[in-house]
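Reader: Hi! Could you walk me through this one, piece by piece?

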Amino acid sequence: MDLTKHKLIKYLKEALLFIVVMAIFANILSFYRSSSLNKEPINLKEATLLDGSIYKVPNNEPILLHFWASWCPTCKAEAQNIQRISKSFNVLTIALKSGSDEEIEEYLKSRELTFKTVNDGNGEITGRYSVSVFPTTIIYDKDGNELFSEVGYTTTFGLWVRMWLAGL
């Protein structure tokens, strides 16, 4: 029994080490990928949402721009994090090459996602921000300056902390 316990502890240590190494690698990769993003102040004043309404980007408030695609597995895994953040903060999501407005609305509805979404079918908005990897999240402070950018999966807690800091 003692030998089995020793083996279990050894495997748990190896698993923990693997998770730590992967987390470090993921952060380095995200930093590298985010270095190619457009670092200029937000250049989006308003956008047409899926329902046809016009969303005006708020002044003097932080905003999170989230670029995603319905065909992206990491975007699907992160969607509920974005949903939770959108309940407390200004969030505008941009869906790239994910079908018609109706197809994206059905996709969101089937996953019980209600965040504000723009269909960027031709990639005009995505190109303006130099986004080429999905998901990509850019957080702007209350003055419209980029404060954080993240390429890849981000936790709800990580997003919440960044948005809170953007509001200071």
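Author: Happy to. This is a predicted model. Let me begin at the surface: K56 is exposed, with a relative accessible area of 57%.

Reader: Nice. What does K56 form a salt bridge with?

Author: Its partner is E46, and the closest N and O atoms are 3.0 Å apart. E46 sits in strand 1 (residues 46-48) and K56 in strand 2 (residues 54-56), so this pair ties together parts ten residues apart in sequence.

Reader: How many salt bridges does the structure hold?

Author: Three. Another of them joins the side chains of E124 and R128, at 2.7 Å from N to O. Both residues belong to helix 4 (residues 124-128) and are four residues apart, about one turn of the helix.

Reader: How accessible are those two?

Author: E124 has a relative accessible area of 48%, and R128 has 26%. Each counts as partly exposed.

Reader: Which side chains does E150 meet in a salt bridge?

Author: Those of R162, with 3.5 Å between N and O. E150 is in strand 7 (residues 146-151) and R162 is in helix 5 (residues 156-166), so the pair ties together parts twelve residues apart in sequence.

Reader: Is E150 buried or exposed?

Author: E150 counts as buried, at 12% relative accessibility. R162 is partly exposed, at 22%.

Reader: Switching topic: how many disulfides turn up?

Author: Zero, in a search of the whole structure. As for cysteines, C72 is buried with a relative accessible area of 4%, and C75 is buried with a value of 4% too.

Reader: OK, on to the strands. How covered is strand 3?

Author: Mostly covered: six of the six residues in strand 3 (residues 63-68) are buried.

Reader: Which residues point which way from strand 3?

Author: I63, L65 and F67 point one way, while L64, H66 and W68 point the other way. Both sets are buried.

Reader: What does strand 3 pair with?

Author: Strand 6 (residues 136-140) is one partner, antiparallel to strand 3 over five bridges. In that pairing H66 is opposite T137. Strand 4 (residues 91-96) runs parallel to strand 3, and five bridges join the two. There, L64 stands opposite V91.

Reader: Which unit do strand 3, helix 2 and strand 4 make?

Author: A right-handed β-α-β unit, with helix 2 covering residues 73-86.

Reader: What lines the largest cavity?

Author: The lining is made of H66, W68, C75, K76, A79, I82, Y107, L108, L113 and F115.

Reader: One more thing. Where does D120 lie?

Author: D120 lies in strand 5 (residues 116-120). D120 is buried, at 2% relative accessible area. The C-alpha atoms of D120 and F67 are 9.4 Å apart, although 53 residues separate them along the chain.

Reader: And where is the place of F134?

Author: F134 is in the loop between helix 4 and strand 6. F134 is buried, with a relative accessible area of 16%. F134 and A69 are 65 residues apart in sequence, and their C-alpha atoms are 7.0 Å apart in space.

Reader: Great, thanks for the tour!

Author: Any time!

Terms used. Residues are numbered from 1 along each chain as its sequence is written. This is a predicted model: local features need pLDDT of at least 70, side-chain atom pairs count only at pLDDT 80 or more; totals for chains, interfaces and linings use all residues. Side-chain values use heavy atoms; hydrogens and water are left out. Buried means under 20% relative accessible area, exposed over 50%, partly exposed in between (1.4 Å probe, protein chains only). Two strands pair if DSSP finds at least two bridges between them. A crossover is right-handed if, with the strands pointing away from the viewer, the path from the first strand over the helix to the second runs clockwise. A salt bridge is a side-chain nitrogen of Lys or Arg within 4 Å of a carboxyl oxygen of Asp or Glu. A disulfide is a pair of cysteine sulfur atoms within 2.5 Å. On a 1 Å grid over the protein atoms alone, a cavity is a set of points where a 1.4 Å probe fits but cannot get out, and a pocket is an open set with protein on both sides within 12 Å along at least five of seven lines; lining residues have an atom within 4 Å of a point.
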